[in-house]
Amino acid sequence: TELDIRRILDTLPHRYPFLMIDRVVEFVGEDELVAIKNVTINEPYFQGHFPGNPVFPGVLIIEGMAQTAGAIAIAADRTTGPHAVYMVTVDKCKFRKPARPGDVIEYHIRKIRRRSAMGWYEARAMVGTTLIAEAEVGAMVMSGTSA
C-alpha cells in the first residue's frame, strides 16, 4: 500500500516548508515502511546551505526519518481524530554521504519496539543503494491534538 501526498497530509500535521516526505512507497506489515523525499534545488534552505555547493541539511534528513516513523506510529494508533507526532529521541546518528538537489532520499524505517504512545524505530536514509545516514529515533503520538 502506498500513500500519496494527499494521504500524507491527512496523516501528518507537518506542512510546507517542513514536510520532509513526499510519498510512502511501501508498507511491510505494521512495523516497516519506505518513504521518499524528492530533493529539489527550489527548496529554500539551499540559498544558504551552501551557496555554490548545495547540500541537503543533515538535520532535515533526521526530521524526515522522524516523520516517517510518525506515519507508522499514527497508523498503529487506533484512535480517531487529529494526532500530533513529536520526536523525542535521536540515538546512534551517523551521516555517511551528503544528499544534493536531484537526489531521491528513501527513508527505510523499522519499528524496534512500542510502548503505549511511544515508539522506537531503526531508520536508514538511502540515495539509490548508498546509505547516507542512519539513526534510531523515538516518536510519541498525542491523540486528540494537532500540532
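Predicted model: local features only at pLDDT ≥ 70, side-chain atom pairs only at ≥ 80, totals over all residues.

Reader: OK. In what order do the strands of the sheet come?

Author: The order is β1-β2-β4-β5-β6-β3. That is six strands in an open sheet, with antiparallel pairing.

Reader: Zoom in on β4 and β5. How many bridges join them?

Author: Ten. Strand β4 covers residues 104-115 and β5 covers 118-127, and the two run antiparallel.

Reader: Now helices. Which strands does α2 lie across?

Author: Helix α2, residues 58-76, lies across β2 (32-38), β3, β4, β5 and β6 (130-143). Its direction is at about 50 degrees to β4.

Reader: Is Glu63 buried or exposed?

Author: Buried, and without a salt bridge. The nearest side chain of opposite charge is Arg15, 11 Å away. A salt bridge needs the side-chain nitrogen within 4 Å of the carboxyl oxygen.

Reader: So what does Glu63 touch?

Author: Leaving out residues up to four places away in sequence, Glu63 touches His14, Phe18, Met20 and Met87.

Reader: Switching topic. How many aromatic pairs does the structure hold?

Author: Two. One is Tyr45 with Phe46, edge-to-face, at 5.3 Å centre to centre and 65 degrees between the planes.

Reader: Why does Tyr45 count as buried?

Author: Because its relative accessible area is 16%, and the cut-off for buried is under 20%. Phe46 also counts as buried, at 6% relative accessibility.

Reader: What about Tyr45 and Phe56?

Author: That aromatic pair is edge-to-face too, with 5.5 Å centre to centre and 80 degrees between the planes. Tyr45 and Phe56 are eleven residues apart, each in the loop between β2 and α2. Both Tyr45 and Phe56 are buried.

Reader: Last one. Which residues form the aromatic cluster?

Author: Tyr45, Phe46 and Phe56 form one cluster.

Definitions and conventions: Residues numbered from 1 in each chain as written. Heavy atoms only, no water. Pairing = 2+ DSSP bridges. Helix = DSSP H or I, 4+ residues; strand = E, 2+ residues; numbered from the N terminus. Contact = heavy atoms within 4.5 Å. Axes fitted to C-alpha atoms, helices over the stretch in contact; angles between N-to-C directions. Buried < 20%, exposed > 50% of the residue type's maximum accessible area, 1.4 Å probe, protein only. Lys, Arg positive; Asp, Glu negative; His and termini not counted. Phe/Tyr/Trp six-rings, centres within 6.5 Å; stacked < 30°, edge-to-face > 60°.
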